[in-house]
Amino acid sequence: MEYTLAKSDEDLEGILSLQKANLKKNLTPKEIELEGYVTVDHDWEILKSLNEIEPHVIAKDGNKIVGYVLTMTGKSRYDIPLIYPMFNEFDKLIFKGQSISEYKYMVVGQACIYKDYRGKGLVEKCFQLYKETYSQFYDFSITEIDRINKRSLNAHLKIGYQVIHSYKDNDKDWDVVLWDWNK
């Protein structure tokens, strides 16, 4: 197993393939409940643009992408309409006495592990590389998770994220989680 940063078009194609297989809209209610899901369906241009700002973290088994953590910064806040509310919510939050918007932070654009590789520590190793690569440039990592996506929430909490805020948007309950890299 290799943990690295996405460098090629093939890496990005592998991310998109894994993403499509785990989109909420492509799963049964039972799969959603047991396995979790991803929400945003990135197109090629957006995924490539995000990768050019800060490369995505990937897990590869040979040439196959079996896991990823998508990277995003504030530079991309207006690139994906579905996530505008997330960034707007971040702007309202205070962390350690300062507005979130005053920090330099990374956003987990999405994290996913191929079904047959789950429960084997891949997500932890992907996030370890994510932190090692970006903690020298950013104060923390932040994202939001739909509260019904318990597998995702639990994975983030296990890694070191903490819930700092909860809110409702479009009849969904969201938890904002943050991983403080300055602890």
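Why does Thr71 count as buried? Thr71 counts as buried because its relative accessibility is 1%, where buried means under 20% relative accessible area, with exposed over 50% and partly exposed in between (1.4 Å probe, protein chains only).

The model is predicted, so local features need pLDDT of at least 70 and side-chain atom pairs count only at pLDDT 80 or more, while totals for chains, interfaces and linings use all residues. Residues are numbered from 1 along each chain as its sequence is written, and side-chain values use heavy atoms, with hydrogens and water left out.

Thr71 lies in strand E3 (residues 64-72); strands (E, at least two residues) and helices (H or I, at least four) are DSSP runs, numbered from the N terminus. The side chain of Thr71 reaches the backbone oxygen of Glu54 at 2.3 Å, and a polar contact is a pair of N or O atoms within 3.5 Å, one able to donate a hydrogen and the other to accept it within protein, where residues adjacent in sequence count only if both atoms are side-chain atoms. Beyond its neighbours within four places in sequence, Thr71 is in contact (heavy atoms within 4.5 Å) with residues including Glu54, Met106 and Tyr134.

Met106 also stands opposite Ser141 in E7. In strand E7 (residues 140-146), seven of seven residues are buried.

| Partner of E7 | Bridges | Direction |
|---|---|---|
| E6 (residues 105-113) | Three bridges | parallel |
| E9 (residues 172-180) | Seven bridges | antiparallel |

Terms used:
Two strands pair if DSSP finds at least two bridges between them.
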